[in-house]
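This briefing sets out selected features of the structure shown below. The points that follow are grouped by topic.

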Amino acid sequence: MAGEQMGEREGIPAFEQVVLRHSADAAILLHPTDGVVYASPAVAHVIGVPPHEFLGLLAADWVHPDDVANAIAQRRLAAAAGHSGPILIRGRHGDGTHHWFEAEWWHLATDHTVLHLRDAQRHRSAIESMRAEMSLTHALLEHGQEISFTIAADDERVLHAGTAMRRLLGIAPDGPLPNHWSVVVHPDHHVAFTDLLTHARGRRAAATGAVVLTNGTDTWPVDVRVHDLTTDSRVGALAVLALRHSD
């Protein structure tokens, strides 16, 4: 099979040639020692390289140096389990740069492995952009003064605490949250906070008031707004937004 592109054989009907050429997945047939023995026509637009140029290539010839070991491990895993992936790896694109590709391996009884590659560059770029945005947002919240946390509508557990809230209460970023809001609201203000929760439930307008938060030792007077966001799929809880009084 080496040296000959299956898609170029006369026995392949023209419509199948079109389907293979315009597939979103590039299919590559690998052998442990011979490298690539077949590359589908879609390689041309998915990877930007003519299929015949892939023949004979090994993982180290095309995969990014940092991802070679992982790619080889995935092929071996497929040989043992029949399938592996999908994972993201970087490969050399025809434009001279390394692109991200979603890769998935299937093993054949002939000791060959079918590798499917799909361009994931946009997907990866979107992930990196989102991570950068989240990192910036986290940094801004870390230095902000607005305190936020959410409360479960049924058992009134604290489901989420914002960065400023965790800093105020001395809760580690991955530390456990209080099992009830009464832990973080001063006992003298439990009735007032209960009234805020009651007034906020089922209403569009926020309930506003003033309470004192505590970590059991120190106390912080705050102005609070309670929003019923239980029907908002992004929150699904009662949201408490508080601002500390000026010292």
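**Overall architecture**

Contacts between residues 24 or more positions apart account for 39% of the contacts in the protein with a separation of 6 or more, a contact being heavy atoms within 4.5 Å. The model is predicted: local features need pLDDT of at least 70, side-chain atom pairs count only at pLDDT 80 or more, and totals for chains, interfaces and linings use all residues. Residues are numbered from 1 along each chain as its sequence is written, and side-chain values use heavy atoms, with hydrogens and water left out.

- The protein has seven helices and 10 strands; these are DSSP runs numbered from the N terminus, with helices being H or I of at least four residues and strands being E of at least two.
- Of the 247 residues in the protein, 38% are buried. Buried means under 20% relative accessible area, exposed over 50%, and partly exposed in between, with a 1.4 Å probe and protein chains only.

**Helix α4**

- The 14 residues of helix α4 (residues 68-81) should span 20 Å at 1.5 Å a residue, and the end C-alpha atoms are 20 Å apart, which agrees. The expected span is 1.5 Å times one less than the number of residues.
- Val 68, Ala 71, Gln 74, Arg 75 and Ala 78 are the buried residues named in α4. Seen down the axis, the buried residues fall within an arc of 130°, so they line one face of the helix; the arc is that of the directions from the helix axis to the C-beta atoms.
- On the other side of α4, Ala 69, Arg 76, Ala 80 and Ala 81 are exposed.
- The cover over the buried residues of α4 includes β1 (25-31), α3 (59-62), β3 (83-92), β4 (98-107) and β5 (113-119).
- Gly 82, with a positive phi near 95°, follows α4.

**Second largest pocket**

- The second largest pocket holds about 300 Å³ of space. A pocket is an open set of points, on a 1 Å grid over the protein atoms alone, where a 1.4 Å probe fits, with protein on both sides within 12 Å along at least five of seven lines; lining residues have an atom within 4 Å of a point.
- Among the 19 residues that line this pocket, Leu 30, Leu 57, Leu 58, Ala 59 and Arg 75 are the closest to its centre.
- At least two lining residues come from each of β1, β2 (35-39), α3 and α4.
- The lining divides into 16 nonpolar, two polar and one charged.

- Phe 193, Leu 196, Leu 197 and Ala 200 are buried in helix α7 (residues 190-200). They cover an arc of only 95° around the axis, which puts them on the same side of α7.
- Val 191 and Thr 198 are exposed on the other side of α7.
- β6 (146-151), β8, β9 (219-229) and β10 (237-244) pack against the buried residues of α7.
- Thr 208 lies in strand β8 (residues 207-214) and counts as exposed, at 56% relative accessibility.
- Not counting residues up to four places away in sequence, Thr 208 touches Leu 196, Val 224 and Arg 225.
- Thr 208 and Arg 225 are 17 residues apart in sequence and 4.5 Å apart in space, C-alpha to C-alpha.

**Backbone geometry**

- The peptide bond from Gly 85 to Pro 86 is cis, with omega near 5°, and Pro 86 is in strand β3.
- Asp 111, in the loop between β4 and β5, has a positive phi of about 70° although it is not a glycine.

How values were computed:
Grid points are joined across faces, edges and corners, and a volume is the space filled by probe spheres set on the points. Ala, Val, Leu, Ile, Met, Phe, Trp, Tyr, Cys and Pro count as nonpolar, Asp, Glu, Lys and Arg as charged, and the others, Gly among them, as polar.
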